[in-house]
Amino acid sequence: MYTDLALYIDGKWVNGGGRKGEDVLNPATGKPLAHLPHAGKSDLDQALEAAKRGFALWRATSAYDRAKIMRKAADLMRERHDAISKVLVQEQGKVYVEARAEVITSADIIDWYAEEGRRSYGRIVPGRVKGTRQLVVSEPVGVVAAFTPWNFPVLTPARKIGGALAAGCSLILKASEETPGACVELVRCFVDAGLPAGVLNLVFGVPAEVSEHLLAKDAVRKISFTGSIPVGKHLAVLAAKGMKRTTMELGGHSPVVVFADADAEKAADTIAAFKYRNAGQVCISPTRFYVQEDAYKKFLARFSDYAKGIKMGDGLEKGVTMGPMANARRIDAMESFVADARSRGGNVVTGGKRHGNQGFFYEPTIVTDVPDDSKVMTEEPFGPIAPIVTFKTFDEVVERANALPFGLAAYAFTSSHTTAAAIGEAMESGMVGVNSVAVSTPETPFGGVKESGHGSEGGIEGLGAYLNTKFISQG
Ligand code: NAD
């Protein structure tokens, strides 16, 4: 029911051959699903040579023809969504409906980029001297090295593959070793859609070794990374040595501001469902809840009802609404967040401990009465923990919300148009959802500010991330 794991280099699936590797675990059981081969240095060099040839070929392919192959791949993803989603659930843990939504949205992303690649226009700027022409054109950056994490094993690769292919770039994608199977299936859709050899290469390995090897190569002109802030900073340093372009989609710690004039129960229903999606392992997950005093009781009661009603279990089982954490590291992290909250006077309203005696399950948790400098209020939880505290005034909550060095997503609920406009402007954040959590769509830019990174994925900005601007002055 799982899948055959392999590297995909220069149009061939490769495995075995004495390569080192690692076991992929099912987080619902802690048991191995399959063995994943690692790419050695010679595999990476072959992938690089293939990507160079792939780039020459793909950039010379018209955007019209590139779009045909991309749309075919998106169709195959939709056709195969059930099988791909089941692979995703087994290796990552999220529930089937979420996995399915991820695969379908990823197909939409590929479709959107396929179309947008055809609209990668330049412009003509009037010259100062008669008879001259000043052309501004967009050209693909070159070979891209992309690194994707374990929380969205299909969607994060789809964003990078979509943008790069639409722009005319080739890629070497190093997807997560912990969740490789769904990405293998994603790449298979492109292979079966007729993508030429070398244009998209998929590798796995020891992350630090792969990134150091590839980023040292002149041919790699662009790095796109999604993951933690420390690793993003490390890769940015490596990229700077070769002045390579970067897109860094890193962690956050998203504030939620609920004003007293909001419908507190409706807000709680919306944001609680969003909070526990993928067991909270989402970079834009709401992670710090500030509720204006008059709305606090109502909001907390409704939010707690939601958390207590969650059914935990294997994501493939019917009726289950939250799966396990993706790996054992997250359990350790949750335990340390809760211990710190308790030691600082925090009150655990619900949850606060592991669930069951197999796999990596952690209960949906709510903590209250935690100080702003506690661990859970200052470090990204990346798990099913919701700290909920009160605030008094607009200015106070803005200051508290903006106090951290992160700025990925922020959310607010209010019935006032004036407050809605003011809070949207006041948040130091790449995305702000006001009475909405729809901050991630194929056609809109997705990315952070401050230590949450730079550059956008999605929207026309996501295509621009893989394009260089050239000016041609013709006399
Ligand atoms: P980690 O820092 O070890 O790894 C994060 C990701 O980076 C993983 O996918 C890993 O394979 C990759 N990575 C690690 N070292 C690398 C290197 N030298 N070169 C290239 N890739 C490298 O953390 P983790 O335990 O996997 O996750 C913990 C934290 O990471 C979370 O708390 C969260 O803050 C962050 N994270 C963010 C996202 C996101 O969507 N932005 C996704 C996953 C994890």
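Buried residues have under 20% relative accessible area, exposed residues over 50%, and partly exposed residues fall in between (1.4 Å probe, protein chains only). Alanine 268 has 0% relative accessibility and so counts as buried. The structure is a predicted model, in which local features need pLDDT of at least 70, side-chain atom pairs count only at pLDDT 80 or more, and totals for chains, interfaces and linings use all residues. Residues are numbered from 1 along each chain as its sequence is written, and side-chain values use heavy atoms, with hydrogens and water left out.

Alanine 268 sits in helix α9. Helices (H or I, at least four residues) and strands (E, at least two) are DSSP runs, numbered from the N terminus. The C-alpha atom of alanine 268 is 8.4 Å from that of tyrosine 306. Along the chain, these two residues are 38 residues apart.

The loop between α9 (264-275) and β13 (286-292) contains asparagine 278. Asparagine 278 is not a glycine, yet its phi is positive, at about 50°. Its relative accessible area is 3%, so asparagine 278 is buried. Alanine 279 also lies in the loop between α9 and β13. Its phi is near 50°, again a positive value in a residue other than glycine. Alanine 279 is buried, with 3% relative accessible area.

Charged pairs were examined next. A salt bridge is defined as a side-chain nitrogen of Lys or Arg within 4 Å of a carboxyl oxygen of Asp or Glu. The search of the whole structure returns 29 salt bridges. One of them pairs lysine 86 with aspartate 82. The closest N and O atoms of this pair are 3.0 Å apart. Both residues belong to helix α3 (residues 81-92). They are 4 residues apart, about one turn of the helix. Lysine 86 is partly exposed, at 28% relative accessibility. Aspartate 82 is also partly exposed, at 33%.

A further salt bridge links arginine 119 and glutamate 116, with closest N and O atoms 3.3 Å apart. Arginine 119 has a relative accessible area of 39% and is therefore partly exposed. Glutamate 116, at 11% relative accessibility, counts as buried.

Glutamate 185 forms a salt bridge with arginine 188. The closest N and O atoms are 3.3 Å apart. Helix α6 (residues 181-192) holds both partners, 3 residues apart, or about one turn of the helix. Glutamate 185 is buried, with a relative accessible area of 13%. Arginine 188 is partly exposed, at 23%. Elsewhere, salt bridges that share partners join Asp75, Arg78, Asp108 and Asp111 into one network.

Glutamate 185 also makes a polar contact of 2.5 Å with threonine 3, side chain to side chain. A polar contact is a pair of N or O atoms within 3.5 Å; within protein, one must be able to donate a hydrogen and the other to accept it, and residues adjacent in sequence count only if both atoms are side-chain atoms.

The ligand site was then characterised. A residue is near a molecule or strand if one of its heavy atoms lies within 4 Å of it. The ligand is surrounded by 22 residues. The closest are Trp150, Ser211, Ser228, Arg329 and Glu380. By class, the shell has 11 nonpolar, 7 polar and 4 charged residues. Here Ala, Val, Leu, Ile, Met, Phe, Trp, Tyr, Cys and Pro count as nonpolar, Asp, Glu, Lys and Arg as charged, and the others, Gly among them, as polar.

Individual atom pairs give further detail. An oxygen atom of the ligand lies 2.7 Å from a polar side-chain atom of tryptophan 150. A polar backbone atom of glycine 227 is 3.4 Å from a nitrogen atom of the ligand. A distance of 3.4 Å also separates a polar backbone atom of leucine 250 from a ligand nitrogen atom. Taken alone, the ligand exposes 800 Å², and the protein buries 83% of that. Accessible areas come from the Shrake-Rupley method with a 1.4 Å probe; for residues, only the protein chains shown count as cover.
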